[in-house]
Amino acid sequence: MLSNLQQQPADALLALIKLHNDDPRADKIDLGVGVYRTGDGETPVFGAIKAAEKKLVETQDSKAYLGPEGDMGFVAALMPYVFGKENPDMGGRIEGMQTPGGTGSLRLALAMVQRAGAKRIIVGKPSWPNHAQICKDLGLEVVEFNHAGEDGKVDMDALRAAIASGTEGDAMLLHGCCHNPTGIDYTHANWDEIAGLLANSPIMPILDLAYQGLGLGMEEDAYGLRTVLAAVPDALICYSCDKNFGLYRDRVGALYAMAKDPADLTKIMSNGHSLARANWSQPPDHGGAAVRLVLEDEALTAQWLAELDEMRERMRWVRDKLAAAGVTGGVDLSPIGIQNGLFSIIPFTPEQVQEMRKNHGIYFAGSGRINVAGLTTGNIDKFIAAVAEVTA
Ligand code: LMR
């Protein structure tokens with residue numbers, strides 16, 4: 001039976017990790033998969049997380065199952081950061097559950113809307129490739145609209161048309177901040193308009209917030225999500241702590257549902273729980289417990305936020321430096337300065353992507369997406385020179 005299976009291509013993003021590792025050149029540069037790197041090119045465990053992990057090891061007295069919802073203390077502790085301190089559950093309209101990473105929450109959200117009758121998921125193009133992959137795996141139709149125009153700004157006309165074309169049973173997947181892969185985010189004015197359009201549309205929003213704090217700040221990065229939630233009757237929110245707590249391999253995320261009627265939440269979350277049971281039964285505990293311990297401790301919370309500030313400032317330095325290079329060879333790097341988060345796209349041709357790898361040992365996605373955090377004082381000049389040479 002198993003011989004009937006067709007060979008699947010390796011995931012292009014994850015394959016980059018191996019391609020880079022296998023390159024023997026000492027000055028190779030990894031701008032591939034989305035992990036933060038310090039100025040020394042390291043991806044260390046946050047100090048606040050290390051301290052919380054120590055506490056966890058010392059105080060945890062059982063590893064017995066917690067249930068499909070995971071650590072509800074973790075789920076609750078995050079809510080003021082995501083939804084705002086003043087009204088973190090929007091008057092009892094929001095409930096959540098822990099998931100294995102942001103991918104786990106997306107899987108549940110998309111399976112849940114499918115159970116609720118959705119057939120089409122409207123997604124900006126380009127998007128994180130796993131969005132379409134999960135939809136495809138579930139048999140959901142992906143309807144694309146253009147995310148950004150030639151001018152490096154969001155294509156609001158395409159978004160307006162996509163919302164106008166939505167019908168009952170459609171869901172729209174929106175990146176809350178730090179758009180992956182373009183780094184091109186909606187402005188506050190854009191979000192105000194989007195919220196108004198969605199409020200008058202049958203489309204249900206699914207908001208993917210995987211990079212909160214890596215763009216403009218924890219509060220600023222939640223503006224779009226909170227604005228949409230204040231306007232629409234119901235929504236799903238997919239959250240990842242992989243980046244903003246540096247917990248990548250520990251797989252820490254959460255799914256939140258916002259319902260028009262709080263009485264529906266029990267029913268809605270029972271679907272989340274049963275879907276989790278059928279997929280992974282219960283989420284891994286360790287990373288979520290560490291986040292909870294950080295957020296329950298004022299000093300650790302302050303330490304975590306300071307570490308996050310440092311990451312954001314370093315990425316801003318990289319962005320400013322690339323932007324200052326301006327027109328480089330045949331490409332203009334200046335828009336990178338006003339983009340946010342880990343990623344930006346440089347319009348390399350497929351041949352130029354290969355040349356950057358082969359001639360310069362510089363690895364990034366075939367789409368031209370670079371992880372700006374892979375650039376440091378030690379390698380950024382080499383990168384800019386390579387871009388100039390390859391795109392000339
Ligand atoms: C990325 O886009 O590089 C990250 O979100 C990591 C991943 O799982 O793809």
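## About the model

This is a predicted model, in which local features need pLDDT of at least 70 and side-chain atom pairs count only at pLDDT 80 or more, while totals for chains, interfaces and linings use all residues. Residue numbers start from 1 along each chain as its sequence is written.

## Around the ligand

Let's start with the ligand. Around it you'll find Leu13, Val33, Gly34, Trp128 and Asn180 (a residue is near if its C-beta atom, placed from the backbone, lies within 6 Å). That shell has three nonpolar residues, two polar and no charged. Here Ala, Val, Leu, Ile, Met, Phe, Trp, Tyr, Cys and Pro are nonpolar, Asp, Glu, Lys and Arg are charged, and the others, Gly among them, are polar.

## Two cis peptide bonds

Asn180, from the ligand shell, is joined to Pro181 by a cis peptide bond with omega about 25°. Pro181 sits in the loop between strand E5 (170-175) and helix H7 (188-199). Helices (H or I, at least four residues) and strands (E, at least two) are DSSP runs, numbered from the N terminus.

Lys125 to Pro126 is also cis, with omega near 5°. Look for Pro126 in the loop between strand E3 (120-125) and helix H5 (129-138).

## Positive phi without glycine

Cys178 isn't a glycine, yet its phi is positive, about 50°. This residue is in the loop between E5 and H7. Cys178 counts as buried because it has 27 C-beta neighbours inside 10 Å (buried takes 20 or more other C-beta atoms within 10 Å, exposed 12 or fewer, partly exposed in between, with C-beta atoms placed from the backbone).

Met90, another non-glycine residue, has a positive phi near 45°. Met90 is in the loop between helix H3 (72-83) and strand E2 (94-99), and with 17 other C-beta atoms within 10 Å it is partly exposed.
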